Amino acid sequence: MNFTRQLNDLQEKINRALDFRLPAPATRPRRLHEAIRHSVSAGGKRVRPILVLSASQLFPSGNNAMSAAVSIECIHTYSLIHDDLPAMDNSDLRRGQPSCHKAFDEATAILAGDALLAMAFEILSVDYSDQPDLIAPLVRILANAAGSERLVGGQMEDLLAEGSTPNTDTLKYVHENKTGALLVACVEMGLCLGGKRGNEEVLILGRRLGMSLGLAFQAMDDLLDATRTTEELGKDAESDAAQGKATSVAFCGIEETRIKAKEYTQEALSFAREIGGENEFLLELIAYLLNRKK
Ligand code: GRG
């Protein structure tokens with residue numbers, strides 16, 4: 001199967017798993033579950049779950065990696081819902097649809113995000129109950145990545161930096177934590193599921209891969225925000241500049257950001273080669289993300 005077909009196939013499998021795993025829309029309270037489904041099924045690229053699945057396939061072990069993939073998409077979608085709120089980035093559009101608080105209301109969007117955060121950990125603890133030795137590392141990796149020194153910390157510094165002249169220290173902190181941390185967790189969870197838990201040498205390479213890919217992904221996100229239209233992106237374009245965000249484009253311009261994205265991608269590719277295993281799909285995925293259009 002060629003890469004694009006494999007990618008579409010994985011996206012469909014992930015969408016089906018999310019649909020199966022999330023409470024039905026009619027579950028009480030109906031409004032909350034409709035809001036959760038509105039945001040989860042609005043059409044994200046599923047980059048994080050695909051990364052979990054492809055990292056787990058480097059050293060196939062027969063473990064179910066889909067539940068971990070679904071749990072990380074729950075965390076990611078919660079972060080998007082909260083990021084769009086008026087108190088944060090105040091965005092009306094997400095994944096080509098009205099953002100959660102626009103389609104519903106602010107209180108419902110806050111609660112939908114809260115519920116998705118809890119759901120991620122419930123999924124890990126329920127779905128891996130037949131392999132209890134996997135639960136603690138998976139929960140630890142995800143909780144750390146979502147926490148106050150990673151995803152939430154990155155978001156905090158991102159908000160604090162709004163309107164000030166970006167500097168390298170802030171930019172590095174925000175990008176490593178707001179974006180990099182979850183991608184690191186994807187690779188680490190995938191490797192643990194692929195039987196590499198306890199293999200610190202491989203895990204270190206995996207974390208480096210995740211971080212380089214996260215920084216490439218963020219550089220691309222900054223570039224796309226500055227160069228594409230709202231229709232193309234399915235979210236508000238040029239919102240970074242409008243909000244005075246600490247972005248790579250604001251710091252060093254479009255051309256330099258493009259160069260950085262390429263350099264981080266090359267780093268990620270070389271870590272993936274060094275890890276070895278059945279890495280053909282992962283190598284194609286890393287290269288593909290550099291050329292994404294949204
Ligand atoms: C509210 C705790 C909290 C965190 C918010 C998600 C986020 C952190 C901020 C959104 C803005 C931003 C540039 C985040 C960096 C990560 C990123 C590029 C998110 C968008 O991810 P995609 O492109 O989105 O994978 P889809 O919709 O395809 O899943």
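Start with helix α4 (66-84) and the ligand: α4 gives the largest share of the shell around the ligand, six residues. Helices here, like strands, are DSSP runs numbered from the N terminus (helices are H or I, at least four residues; strands are E, at least two). The model is predicted: local features need pLDDT of at least 70, side-chain atom pairs count only at pLDDT 80 or more, and totals for chains, interfaces and linings use all residues. Residues are numbered from 1 along each chain as its sequence is written, and side-chain values use heavy atoms, with hydrogens and water left out.

Now select the residues around the ligand. There are 18, and Lys45, Arg48, His76, Asp83 and Arg95 come nearest; a residue is near a molecule if one of its heavy atoms lies within 4 Å of it. Show the side chains of Arg48, His76 and Arg95. An N or O atom in the side chain of Arg48 is 2.8 Å from an oxygen atom of the ligand. For His76 the distance from a side-chain N or O atom to a ligand oxygen is 2.8 Å, and for Arg95 it is 2.8 Å. Taken alone the ligand exposes 710 Å², and the protein buries 94% of that (Shrake-Rupley method, 1.4 Å probe).

Move to Arg37, in helix α2 (30-40). Arg37 is buried, with a relative accessible area of 13% (buried means under 20%, exposed over 50%, partly exposed in between; 1.4 Å probe, protein chains only). Its side chain makes a polar contact with the side chain of Asp19 at 2.6 Å; such a contact within protein is a pair of N or O atoms within 3.5 Å, one able to donate a hydrogen and the other to accept it, and residues adjacent in sequence count only if both atoms are side-chain atoms.

Last, select helix α14 (280-290). Its buried residues include Phe281, Leu285 and Leu289. What covers the buried residues of α14 includes α1, α3 (47-56), α10 and α13 (248-275), by contact (heavy atoms within 4.5 Å).
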